[in-house]
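Please look over the sequence and the three-dimensional structure shown below.

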Amino acid sequence: TMVRHGASEAVVEGRFTGADGREIVVRRVIPRDGRSRAYIDGGLATASALAELGAELVDLHGQHSHQSLLKTAAQRSALDAYAQVGLAPLEAARAELRAIDEELAALGRNERDRAREVDLLRFQVEELAKAGLEDPDEDLALEREEDLLADAAAHRDAASVALGALSGDGGAIDGLSAAVAALSGRGPFGTVTERLRGLIAEAQDVSAEIRSLAEAIDDDPDRLAVVRDRRRVLHELKRKYGDTLADVMEYASAANKRLIQLEQRDELARQFEQQRVGQLKLIQRLEHEVGEARRRAAPTLAAEVEANLASLALDKARFAIEVGADPGDDVTMLFSANPGSPLLPLAKVASGGELARTMLAVRLVLSDAPPTLIFDEVDAGIGGSAAVAVGRSLSALGHRHQVLVVTHLPQVAAFADHQVTVTKRTMRGRTVTSVQQVHGAERVAEIARMLSGSAESVAALEHAEELLATSATAREEARRQRFGVRRSRMRD
């Protein structure tokens with residue numbers, strides 16, 4: 001249903017540029033039939049990877065969307081960011097506790113199972129020690145030696161034939177010598193004669209080496225039996241403990257270590273239990289510190305958010321943050337729009353417009369957010385001075401983030417640095433949506449149309465010019481104040 005009627009696929013693509021100048025291009029292709037495809041920087045990616053990256057780039061605040069700040073984890077992270085809670089020591093302590101528990105589990109808590117494992121390991125360690133493994137390539141060396149011993153007679157016979165062919169009567173060396181004698185002293189064959197003398201020398205060297213190798217080959221049935229028996233032992237060890245002798249030797253080391261660990265189990269368990277008790281005390285202390293930091297910061301953050309709500313046409317609203325027991329992981333943002341109504345979890349009691357404006361109020365306090373924020377109809381149900389306040393707040397938020405706003409209120413649109421219009425028209429029997437940025441007189445006419453429904457009303461045009469001028473002055477004053485604060489901090 002996302003694909004235009006008559007089209008084969010829909011494509012959505014975006015380019016994001018970070019503060020460091022790095023660009024990220026994301027793309028989603030949705031075919032009419034079949035599975036959609038996701039791309040990150042031109043490479044195929046999973047939908048989950050695209051969603052994860054998207055959450056880092058964009059946060060959507062709309063009447064009907066599930067904003068990130070509605071999740072407990074995000075609310076906790078927001079509070080931690082505001083309070084600058086350091087979680088690293090607690091996370092490290094928890095990781096150390098998990099490591100201790102893994103060590104205890106590895107020792108084995110069932111006495112019968114442990115006894116069976118000890119018996120098996122003793123047998124294996126003894127068998128491997130008896131084998132006396134020292135060289136990971138021993139099996140390869142034995143294979144070569146067995147080949148030599150098993151064919152000793154045949155090897156020597158082959159050497160005898162080769163020696164006869166090279167150095168026997170009428171052999172290759174005699175033939176080469178006869179050739180040298182025939183050509184020696186004849187000018188045209190001087191170079192060839194030298195080459196023949198070289199061949200004779202080489203043939204003599206080869207003959208000597210063959211004779212030496214043949215003499216070293218012994219027909220030793222006893223040694224052959226020993227080699228074959230050793231190869232059978234090594235083959236059996238590899239069948240049981242690893243594909244190679246190196247694997248077998250590694251297993252022998254690990255088995256010996258495990259056996260020592262189990263035989264000393266009681267002492268090791270006592271040591272780990274002591275470490276565990278100490279680690280639990282450390283975690284309890286760190287959890288209390290984290291919980292206290294969260295509880296101290298919660299009322300202050302809530303008060304700042306509530307102050308922003310008052311300027312966003314929610315002057316009767318109340319906002320609070322509830323923090324659970326140590327370490328305070330259960331963080332819940334509570335909201336009440338009207339006097340007499342109890343504070344309840346934000347997602348359960350706020351209407352679409354209230355929810356979007358509450359998210360805006362929170363974002364105005366927190367600077368920790370994705371670089372791009374999208375607000376869809378955050379001005380629903382308001383007007384007049386409240387609409388101006390929403391516009392001013394969104395403009396202020398735009399100093400720290402890229403802010404995109406979908407609005408029907410001229411008071412909000414007037415505060416934008418850039419305004420675009422979204423229009424629909426029919427072309428060749430098809431509806432086409434276009435987006436166009438408006439400047440100067442075009443923008444005045446668009447604001448006038450938003451005010452009165454007509455871009456030709458003189459009164460609306462005058463009001464639009466006044467509204468744009470007022471918002472421009474307010475934006476410039478906010479920028480000067482922000483720049484002044486920044487310069488003051490730099491001097492400090």
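Ser-393 is buried, with a relative accessible area of 10%, where buried means under 20% relative accessible area, exposed means over 50%, and partly exposed lies in between (1.4 Å probe, protein chains only). This serine has its place in helix 14, which spans residues 384-397; helices (H or I, at least four residues) and strands (E, at least two) are DSSP runs, numbered from the N terminus. If residues up to four places away in sequence are not counted, Ser-393 touches Ser-311, Leu-312, Leu-360 and Leu-364, contact being defined as heavy atoms within 4.5 Å.

Before going further, keep in mind that this is a predicted model, in which local features need pLDDT of at least 70 and side-chain atom pairs count only at pLDDT 80 or more, while totals for chains, interfaces and linings use all residues. Residues are numbered from 1 along each chain as its sequence is written, and side-chain values use heavy atoms, with hydrogens and water left out.

Turn next to the sheet. Strands of a sheet pair through backbone hydrogen bonds, either parallel or antiparallel. Here, four strands form an open sheet in the order 1-2-3-4, with antiparallel pairing, and two strands are said to pair if DSSP finds at least two bridges between them. Its edges are strand 1 (9-17) and strand 4 (43-45), each of which pairs on one side only. On average, and with direction ignored, neighbouring strands of this sheet are turned by 25° against each other. Within the sheet, strand 2 (residues 23-31) and strand 3 (residues 37-40) run antiparallel and are joined by four bridges, and Val-29 stands opposite Arg-37 in strand 3. Across strand 1, strand 2, strand 3 and strand 4 lies helix 1 (residues 47-57), which runs at about 135° to strand 2; for such angles, axes are lines fitted to C-alpha atoms, for helices over the stretch in contact, and the values run from 0 to 180 degrees between N-to-C directions.

Helix 2 (residues 72-83) has twelve residues and reaches 16 Å from its first C-alpha to its last, close to the 16 Å expected at 1.5 Å a residue, the expected span being 1.5 Å times one less than the number of residues. Its buried residues are Gln-75, Ala-78, Leu-79 and Asp-80, and these pack against helix 11, strand 6 (318-323) and strand 7 (331-336). After helix 2 comes Gln-84, whose phi is positive, near 55°.

Charged side chains provide the last part of the tour. Side chains of opposite charge can pair when their charged atoms come close. The structure holds 20 salt bridges, each being a side-chain nitrogen of Lys or Arg within 4 Å of a carboxyl oxygen of Asp or Glu. In one of them, Lys-240 and Glu-127 meet at 2.9 Å, N to O. This pair links distant parts of the chain, since Lys-240 is in helix 9 (residues 221-241) and Glu-127 in helix 4 (residues 111-131), 113 residues apart. Lys-240 is partly exposed, with a relative accessible area of 36%. Another salt bridge joins Glu-236 to Arg-239, with the closest N and O atoms 2.4 Å apart; because the two are three residues apart in helix 9, about one helical turn separates them. Glu-236 is partly exposed at 29% relative accessible area, whereas Arg-239 is exposed at 56%. Finally, Asp-80, Arg-94, Glu-287, Arg-294 and Asp-329 are linked in a network of salt bridges.
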